[in-house]
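Trainee: I've got a new model open and I'd like to learn how to read it. Can you walk me through it?

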Amino acid sequence: MKKIMIVTGSLGSGGIEKVTSRIANYYQNKQYKVYIVTLLSNSGDSFQTINNDIEIISYKKDVGNNISKKLSIFSWIKFLKKIFHEIKPNCVLAMTLKIASLCILSRRKENIRICLRETSDPKSKVRNRITDNFLFFICRKIDAIIFQTQWEKLCYPKFLQKRGLVIPNPVDVKQILSKEKTKKIVTMGRLMNIQKRHDVLIEAFSEFSKEYKDFALIIYGDGPDLEKDKELIKKFHVEDNVIIEKPKVNIHEKIADSYMFIMTSDFEGLSNALVEAMLLGIPCITSDWPGSDEIIRHGENGLIYNRNNICELVQCMKKLADDPHICKKISNNGIKESQKYQPDIVLAKYSALIEGE
């Protein structure tokens with residue numbers, strides 16, 4: 001039986017974790033022996049639905065919490081060397097550039113195919129250019145790369161671009177019967193304003209709600225800026241209209257009747273949350289993060305505004321609130337995109353690259 005190992009940070013509620021679970025379940029259904037290795041969380045901390053026969057191996061369970069941050073890189077390499085040697089997977093899929101580098105440094109002489117899935121904007125403000133260039137050098141021995149967008153690919157050196165393909169995320173949205181739309185605006189994402197910019201959304205909604213008093217905003221997410229976002233809600237006096245909810249397993253059912261979905265990120269890889277909302281037929285507004293125009297065609301299947309331009313965002317919100325015809329057009333065109341992200345089609349492309357076929 002062939003073996004595949006997926007190495008990631010955790011199995012929490014984010015987009016990387018969702019895709020990890022879909023790839024793992026896909027390979028398990030293909031009769032592979034599947035292992036998921038988590039470097040940042042315990043195996044029991046999973047938010048995702050993982051098939052029973054998939055084995056989750058936790059770095060923390062193996063070494064405990066006694067390793068200092070300065071020594072964690074060396075400890076990760078030692079840990080990966082050990083499990084590579086014991087399990088001898090046919091192929092390894094690393095879910096970030098840093099993890100791919102660790103896997104390459106841990107490969108020893110085992111004949112293991114190592115692939116990388118890039119998950120974010122390589123030129124974003126949270127990525128260190130010097131560190132990335134060093135990691136690119138280590139990854140010169142990578143076997144294949146999956147890019148989510150053409151933008152991501154163009155951010156890589158040409159010698160690595162040649163080893164990769166642009167493949168969209170597999171997005172699985174169970175068809176929910178169309179509900180009558182309610183005056184509800186939703187978003188999903190980690191509460192981390194350096195990226196997701198919920199602070200921009202809260203301020204824009206406070207302006208929007210002065211005229212459109214019957215709308216509510218629901219933010220589904222958790223993260224380090226929870227308290228800051230709650231303070232902003234109080235500052236703008238929108239406590240009665242803005243709710244922050246924890247991530248939900250049945251999130252599609254929760255948001256299906258929403259009037260609009262808004263993404264205010266400064267950067268993304270390829271947003272699962274945005275694509276899921278589109279496929280549910282929810283009219284979407286997004287900021288112009290690099291790569292957003294590979295998903296949204298302005299005025300056709302969504303609206304795009306200039307990042308951090310609160311006035312422009314408010315105008316987009318008003319346009320959807322006032323014009324049912326543009327809402328219907330955007331909704332219908334969003335649903336038509338489903339074939340592009342259908343898991344069976346996308347994961348077959350993943351499989352060909354991961355396995356080297």
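Mentor: Let's go from the whole chain down to single residues. Keep in mind that this is a predicted model.

Trainee: How many helices and strands are there in the protein chain?

Mentor: DSSP runs give you that count, and here the protein chain has 15 helices and 13 strands. The radius of gyration is 21 Å, close to the 21 Å that the globule rule gives for 357 residues, so the chain is as compact as a globular protein of that length. Along the principal axes, the C-alpha atoms fill a box of roughly 65 × 40 × 40 Å.

Trainee: What percentage of the 357 residues is buried?

Mentor: Take buried as under 20% relative accessible area. By that cut-off, buried residues make up 57% of the chain. Sequence separation is worth a look too: among contacts between residues at least 6 apart, 67% join residues at least 24 apart.

Trainee: On to the strands. Which way do the side chains of S6 point?

Mentor: Check each residue in turn along the strand. In S6 (residues 144–147), Ala-144 and Ile-146 point one way, Ile-145 and Phe-147 point the other way, and all are buried.

Trainee: What does S6 pair with, and in which sense?

Mentor: Look for bridges. S5 (residues 113–117) pairs with S6 in the parallel sense over three bridges, with Leu-116 partnered by Ile-145. S6 and S7 also run parallel, joined by three bridges, and there Phe-147 has Val-166 as its partner. Now trace the path from S5 through helix H5 (residues 129–138) to S6: that's a right-handed β-α-β unit.

Trainee: Now a helix. How far does H13 reach from its first C-alpha to its last?

Mentor: You compare the span with what's expected at 1.5 Å a residue. H13 (residues 324–336) has 13 residues and reaches 18 Å, close to the expected 18 Å. Check the start as well: Asp-323 caps the N-terminal end, with a side-chain oxygen 3.0 Å from the backbone nitrogen of His-325.

Trainee: What do the buried residues of H13 pack against?

Mentor: List the buried residues, then see which elements they touch. In H13 they are Ile-326, Cys-327, Ile-330, Ser-331, Asn-333 and Gly-334. Their packing partners are helices H11 (272–279), H12 (310–322) and H14 (338–341), plus strands S12 (284–287) and S13 (303–305).

Trainee: And H4, is that mostly covered or mostly open?

Mentor: Mostly covered: eight of the ten residues in H4 (97–106) are buried, including Leu-97, Ile-99 and Cys-103. Watch the backbone just after H4, where Arg-108 takes a positive phi of about 55°.

Terms used:
Residues numbered from 1 in each chain as written. Predicted model: local features only at pLDDT ≥ 70, side-chain atom pairs only at ≥ 80, totals over all residues. Heavy atoms only, no water. Helix = DSSP H or I, 4+ residues; strand = E, 2+ residues; numbered from the N terminus. Expected span 1.5 Å × (residues − 1). Buried < 20%, exposed > 50% of the residue type's maximum accessible area, 1.4 Å probe, protein only. Contact = heavy atoms within 4.5 Å. Polar contact = N/O pair within 3.5 Å; in protein donor to acceptor, adjacent residues only side chain to side chain. Pairing = 2+ DSSP bridges. Right-handed = clockwise from strand over helix to strand, strands pointing away. Rg over C-alpha atoms; globule rule 2.2 N^0.38 Å.
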